[in-house]
Amino acid sequence: MSSVRSRSFSRIFLWIFLLAGAFISIFPFFWMIVGTTLNPNDVVRGIIVPGKEFGLNLEKATKNYNLVLFFYNSLKIAVITVVLGVLVNALAAFGFEKYRSKAREKIFAILLLTLIIPQIAIVIPLFRLVSYFKLVNNHLAIILPSVMSVFIIFFMRQNFKMFPTEIMEAARVDGAGELRIFTRIVFPTMKASFASAGIYMFLGQWNSYLWPLMTILTDAKKTLPIAMSSMMYAYTVEYGGLMIIVCVSVLPVLILFLSMQRQFVAGLLGSIK
Amino acid sequence: MNKKGSYYRYLNRIGWLYVTPAMALYCVFMLYPILSSLYLVTRKWKGFSNTFYGIGNFIRMGQDSVFWKALGNNFLFMAIQIPIMVGLALILAVILNQGIRKFRGTLRVIYFLPCVTSLVAYSVLFRILMQTNGLFNNMMLNAHLIAQPIGWLNDPFWAKATIIIALTWRWTGYNMVFFLVGLQSIDTEIFEAAEVDGASKWRQLISITLPLLVPVLLFSMVTSTSGTMQLFDEPNILTNQGGPANATMSAALYIYRQAFVLNSDFGYATALSYVIVVISGIFAFIQIRLLGGKDK
Amino acid sequence: MKRIVMGLMVALAIVVFVPGTMVAAGAKTVTVWYWDVNFNGYSMKQAAAVYNKTHPDVTIDIVEIPQGIDNKIEAGLQAGGSGLPDIALFQDFIIEKFVQNYPGIFVDLKAAGVDYSKFAQYKVGPMTDKGKIYGIPFDTGSTGFWLRTDFLKQAGLNPDNYQKNLTWKQITDLGVTVKAKTGKPLIAYDSTNIDFVRIMVQSAGAQFFKKDGSLDLRTPAMKQALTTLKDLNDKGLVYVTEGWNNWISAFNNGDTAGFLQALWIIGTLKSKPDNAGKWMVIPTPLLSGVPGAQNASNNGGSSWYVFSGSKNKDIAVDFLKSTWASTAPDALEFYNTILKGAGAMGTYLPSRNGSNYTAKDEFFYKNQAVYADFAKWMEKVPVMMYTPNYVAMTTAVQNANLLMLKGELKTVDDVIAHAEQEYKQTTGQ
């Protein structure tokens, strides 16, 4: 009897814990959406009832801050990086894994070694480099250095290990060219891995802050994260408009996550299998 | 024989062809910066001009207590935040895996949600939430949990707490998913056998689940450690450039400030970044040791 | 998979087909960088309107760079001029760093024919180097102590009795009374800048640096300023905020009864119209016991510069000369407009006769003629020495101050020693 009671007591406790966790996880999202409808003062004060100023805030976010342009910049940079990056890195990974040679194994070992070098150690000489090429305040400065990713090469190589070499040989016997094998056989069968790699690269670029902060100077080139941080430190902060930009930066990733949970998680968790 | 050799050479050429675009980019955007940093680190900047400085930057670094304090902050965040987060994530993962039957999927998605926010977006949100006259303090005041507003962003101690709270919010669900993957790979027959032997749930957790989870736990800690080592967005935005009074200054942020805010001294900033490289190298070495060094 | 491909296609379609909304920079476009929409941005827009009357073919593109404008400019300079505008606004305290460390980046405006004898001389000092003068002085930062008269009345005090020269001691007593009666701290203090202490130090005509450019924090003015701040804090009169916008919301929302700042804050005060009739401003309190102290000081102030790498520098120079440095009636009227519109008090002496200089302002308590007051107070502003390491100094001092306010540093000497040490370490001197 008492054990039943204590069990149901601990059940209640368990659910309180779980629901509190859920509340904490969700609340900032809820508050962020409510914030888009409030005047700046109420955002700071933490009113959590929707207000009536969504239209005004949207006007500020689009007129004073050119939200559409920031979104476009972010999307452009991320999409180009993903398309080029997945192609370049997957090809390289495929070359390393399925066309093995001693020389390339050595190169691969060097790649892995430089994987430990953190971004902050690269960006300063990299800034000198893009300065030299007059690419500061140019989106190419953000796209080009992010296309090649040692991590994605490593990730894709791990995945290609599972692709049976026999299929490639069978295809060769049938007279398929090497590039055809890659595009017509490997790509369709490994699409989940490609998607994970793409999502990983997309998130990395969509959210990147340190490097764009160094290389973007003007409004016309700003990405969403740079726009958010400079709005946050403007002389007069338009909190409502800022909340709209925050929402705009979060929503695409949220949609991506909800519609493709498996690949999303695989992409985020990367090498864990 | 000859034909096979030429075919091998053909495939080898294909291999080089596939690898070349990535390698070209690697040389320009990774290898060259690494090598050129060897030059940068010996220079002292003043505006447009820079002069040879030898190991002067390293001597200067030795005396720069702000940098060492910043580095100390990185380690402090690691030492406090990672255990809290890993503990919470582990509890949630175990409950979601075995403790409940309903709403598992929904809760998993909810706990993972903070991960979809970019570091900048959630730093902005938390900066507004945690202001002295902001929502978080107001809620606590209304609930009579505190009598005075807490200086979450302007008190050196509480600002550190703010960073820890924010990091925990952002990353707990992420780690939980790690652990769930690990837990799901444990064979359920082990638990059934333990049940037959009369082992309590608690006992099962300590003796079966945790030991089997050790590799995943280690991996998650290693990832978090290297992430915390590179902490930048949060102290720059959430606590306003490592404030108050450098209480949340991180090594990466201080390097950025030396290069782009205070003195535009690229040489000194490069020297500082070498410290981060060395520490990351040590961590990588430990990681390889702990995880057995085999291909993961 | 189809979803991925579809998603990618849609994204690519957007990327390719949505035309960039970027303004195409025409041949006669002059780009200007500034940092505050309500203040210097507003003023530049007025200037552009005046110029466009006679030069309709020139587009003045006025761009807000709210965060770290000087860092962005420095990054652009390091990158060989990529992305830089034609004209930029610089804080007076930062300009020596650019003039000294980056020789030749600005157009010499003295050579271009600007008559500097018509500008307030304290503004010209920092922008002068080896006989060349680089900037067009913009505004003055004449300071005052701002008070909410409604809180004073609630505390049983008559605001009119305080509209005169006071000492910090008297201000502190006032604050104690207001705090006891209304619970409102007297001063909103932003921990992320040095303004409060700088205003006090400068009110005594003191400097942060010696003539040779080395740091000099051990001055009587600095010590007295810190002692005063500590005393205010010990009495619970300081409301510490964590950033500029948070500081603004503190006094605009009535969390404090007052604050210390220059007249350019007027635009920000007016952005909260419900406070009309509540604010008054009194002279900067006297740092008594320090030789040379007076009831006036200066904070901030900035100037416009033309980059010599600019493609349209001739147009840019002509624009600045014919609006900001011209005695034409239109130009003088423009100075008059920005004074009332944004609290921007120019430093072009011929503009001092504008009607708004003596006008009463209905936003303030009893329609105080604030501009006449500020103009009177600013007459004795000394020339400040800034040096290229000014930012490192302000960072070190504001950090040490905060540690004092939070009780981690106990004495004024500790605070100064802490600031000196951080300055030394971050600048490598």
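Chain B comprises 12 helices and 2 strands, where helices (H or I, at least four residues) and strands (E, at least two) are DSSP runs numbered from the N terminus. In sequence order, the elements of chain B follow the pattern α-β-β-α-α-α-α-α-α-α-α-α-α-α. The radius of gyration of chain B, 25 Å, is well over the 19 Å that the globule rule gives for 296 residues, so chain B is more spread out than a compact globule; the radius is taken over C-alpha atoms, and the rule is 2.2 Å times the number of residues to the power 0.38. The C-alpha trace of chain B spans about 80 × 70 × 30 Å along its principal axes.

The structure is a predicted model, in which local features need pLDDT of at least 70 and side-chain atom pairs count only at pLDDT 80 or more, whereas totals for chains, interfaces and linings use all residues. Residues are numbered from 1 along each chain as its sequence is written, while chains are lettered from A and ligands numbered from 1 in the order in which they are written.

Of the 296 residues in chain B, 46% are buried; a residue is buried if 20 or more other C-beta atoms, placed from the backbone, lie within 10 Å of its own, exposed if 12 or fewer, and partly exposed in between. Contacts are assigned to two residues if their C-beta atoms, placed from the backbone, lie within 7 Å. Among the contacts in chain B with a separation of 6 or more, 68% are between residues 24 or more positions apart.

The domain assignment divides chain B into domain 1 (2–57) and domain 2 (63–290), with bounds from an automatic or database assignment. The centres of these domains of chain B, taken over C-alpha atoms, are separated by 34 Å. Contacts link 9 residues of domain 1 of chain B to 8 residues of domain 2 of chain B. On the domain 1 side, helix H1 (2–40) and strand S1 (43–46) of chain B are the elements that give two or more residues, and S1(B) gives the most, with 3 residues. This side has 4 nonpolar, 3 polar and 2 charged residues; Ala, Val, Leu, Ile, Met, Phe, Trp, Tyr, Cys and Pro count as nonpolar, Asp, Glu, Lys and Arg as charged, and the others, Gly among them, as polar.

Chain A contains 15 helices and 0 strands. Its radius of gyration is 24 Å, well over the 19 Å that the globule rule gives for 273 residues, so chain A is more spread out than a compact globule.

Between chains, 70 residues of chain B are in contact with 66 residues of chain A. H1(B) supplies the largest share of the chain B side, 19 residues, and this side has 50 nonpolar, 17 polar and 3 charged residues. For chain C, 27 residues are in contact with 27 residues of chain B. H15(C) gives the most to the chain C side, with 5 residues, and this side has 7 nonpolar, 14 polar and 6 charged residues.

The largest nonpolar core has 309 residues, such a core being a set of buried Ala, Val, Leu, Ile, Met, Phe, Trp, Tyr and Cys residues joined through C-beta atoms within 7 Å. Helix H4 (residues 67–98) of chain A gives the most to this core, with 16 residues. The residues with the most contacts inside the core include Met228(A), Val124(B) and Ile187(C). Leaving aside neighbours within four places in sequence, Val124(B) is in contact with Met228(A), Met232(A), Leu242(A), Val246(A) and Ile237(B).
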